[in-house]
Amino acid sequence: MKVSALNLKTLKETPAEAEVVSHQLMLRTGMIRRLTSGIFTWMPIGLRVVRKVEAIVREEMNAIGALELLMPAVQPAELWRESGRWDQYGPLLLRMRDRHERDYCVGPTHEEVITDVARRELRSYRDLPISYYQIQTKFRDEIRPRFGVMRSREFIMKDAYSFGRNAEELGASYDAMAGAYTRAFERMGLTFRKVDADSGEIGGSRSQEFHVLADSGEDAIAFCPADDYAANVEMTPAPAAADRPEASTELARVDTPGAKTIEDVCKALDVTADRIVKTLIVAGDEGPIAFALRGDHELNAVKAAKLPGVTTPLTMAEPAEIVKATGAPPGSVGPVGLEIPLFVDHAAAELADFVCGANDKGVHLTGVNWGRDLPAPDSVDLRNVVAGDPSPTGAGALEIARGIEVGHIFQLGTKYSDAMGATVQDEDGSALTVTMGCYGIGITRIVAAAIEQNHDDAGIIWPEPLAPWTVILVPINAHKSDAVREASDALYADLLAAGVEVLYDDRDARPGAKFADAELLGIPHRITIGDRGLATGDFEYRYRQAENAEMLKRDDVLRRVGAA
């Protein structure tokens, strides 16, 4: 490809709309262009990378015997009503009606459609196990699309579905998919972790996520370097409550006017956050419910939503509801004397002589003790783990890393096949409900995640398997030098003949501008041809991550880029 034919439009300045590095660089390189909120056009350079990702994923899916199909993007509401998700899925589901007033949605996922395929196509136990996959555009109506294609409304996804007779066949398909995902991400040159995860609205008995590690990741991952333990923070159990010290101070009421946050209370009472018990009020099935946590800990919404009586999805109570339930506004609520159900986190239950709200505006209690000033609790796990917490395996301490979720695999069981009547005839002639798994990879999200993990101040540093081109060829002043032009044309032809993907910067532009664009685009290998080098038979070669360029002979350059 010649740059003159590419209509390359790079940007020197970072667009104000771009919040994260991948979004900034994808706009600056011209990989994507925004159409509207959360919806992007993939331009030629960006699409080349998408196709690289797709090719690797497709090869790994085919290698484990999964069958590719393509299902409709628009799905009838009847299928979603059969599964029970038409009302459950919520506002992420983009709903619409046709001219006959029939309800449809734009598919955010395809469990219902593939289950319909299975109940029509699979007749006998002899048809099992079987797996299908597709690479297709999805739509989820995110309330706040952000971070470019990392959290967009429209995206490309590889989704796969397995069908088997029982849990054993499901487990075998699940393990095969996990292996295919691992090989795919390794081939892409990504640093990643597989972690235990919550199944969310997809459902099922077990799920794991694949995260590309990057400081900008939205998800926190807990892992133990001493063993293979790794899980999403929302799924990592915190340690159980240890023995509580004896009370050593008397209960006292202290005026704290204006102290509404943990930081405010720390300043007002000269205490640290780990000596405070904060009380959060959430919606419950039969009225408000209180959670008590240590002041320096974060509520884990996934754990909290699984507690009895708590409304799902977890919903924080409105200020007026909090005042009605406790007599105090947010910031002054505490567990002493509460007349609503109370769940106490393990770490909060360990505290003695702690500080908490007094359920009176602008007042806090000090010297509070469980068992003396309020009932001793049966504690539960309510919080996110933090670095230094013991690993659930007992092998050592946890560390926390940030990750970008790029893949998710689920053991669904019979959640959808039961609801939609997907059965086959078993050996004894009876109807056997098929057991399902589902497996997703965010194709377009991988592109952004790769950039988040691989960049510097000059631009993208593509892992070679994902780079839009392997080599960029940069002639210097070819419009003035026949020798440079002829040598560049000849090398370009040889690279193409050897099957190397090469971008030929044939523009009449300054060398600095060409070099800046080459680094911005992140192409792994750069070959520069100029009159000075040609005089000695040398070509300037630079690997994208190397500090300095090298002067090499033509044959050595070809070998370096895999063309000889």
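Helix H3 passes helix H7 in a right-handed crossing, a term used where the near helix is turned clockwise from the far one by less than a right angle. The contact, defined as heavy atoms within 4.5 Å, is made by Ile-56, Glu-59, Glu-60 and Met-61 of H3 and by Met-177, Ala-180, Tyr-181, Arg-183, Ala-184 and Arg-187 of H7. By class, this contact has 6 nonpolar, no polar and 4 charged residues; Ala, Val, Leu, Ile, Met, Phe, Trp, Tyr, Cys and Pro count as nonpolar, Asp, Glu, Lys and Arg as charged, and the others, Gly among them, as polar. The axes of H3 (residues 44-63) and H7 (residues 167-187) come within 9 Å and cross at roughly 150°. Axes are lines fitted to C-alpha atoms, for helices over the stretch in contact, and angles run from 0 to 180 degrees between N-to-C directions. H3 and H7 are therefore roughly antiparallel to each other, the word applying to angles over 145 degrees.

The model is predicted: local features need pLDDT of at least 70 and side-chain atom pairs count only at pLDDT 80 or more, whereas totals for chains, interfaces and linings use all residues. Residues are numbered from 1 along each chain as its sequence is written, and side-chain values use heavy atoms, with hydrogens and water left out. Helices (H or I, at least four residues) and strands (E, at least two) are DSSP runs numbered from the N terminus.

Strand E1 (residues 32-36) and strand E2 (residues 39-42) pair in the antiparallel sense over 4 bridges; pairing requires that DSSP finds at least two bridges between two strands. Ile-32 stands opposite Trp-42 in E2. The hairpin of E1 and E2 has 2 residues between the strands, and Gly-38 takes a positive phi near 75° there.

An open sheet is formed by 3 strands in the order E13-E18-E17, with antiparallel pairing. Strand E13 (252-255) and strand E17 (354-357) stand at the edges with a single partner strand each, so one side of each is left without a neighbour in the sheet. The twist averages 30° from one strand to the next. E13 is joined to strand E18 (residues 363-368) by 4 bridges, and Val-363 in E18 is the bridge partner of Asp-255. Helix H8 (residues 262-269) lies across E13, E17 and E18, at about 65° to E18.

Pro-335 is placed in the loop between helix H10 (319-326) and strand E16 (342-344). Pro-335 is buried, with a relative accessible area of 5%; buried means under 20% relative accessible area (1.4 Å probe, protein chains only). Residues up to four places away in sequence not counted, Pro-335 touches Val-277, Thr-279, Leu-342, Cys-356, Trp-370 and Leu-374.

In helix H13 (residues 443-453), 10 of the 11 residues are buried, so H13 is largely enclosed by the rest of the structure. Among the buried residues are Arg-445 and Glu-452.

Another open sheet has 5 strands in the order E26-E25-E27-E28-E29, and its pairing is mixed. Its edges are strand E26 (502-504) and strand E29 (550-553), each with a single partner strand. Strand E25 (residues 471-475) runs parallel to E26, joined by 3 bridges, and Ile-472 has Leu-503 in E26 as its bridge partner. Helix H14 (residues 482-497) lies across E25, E26, strand E27 (525-529) and strand E28 (538-543), running at about 160° to E26. Helix H15 (residues 511-521) lies across E25, E26, E27 and E28, at about 175° to E25.

How values were computed
Parallel < 35°, antiparallel > 145°, perpendicular 65-115°, else oblique. Buried < 20%, exposed > 50% of the residue type's maximum accessible area, 1.4 Å probe, protein only.
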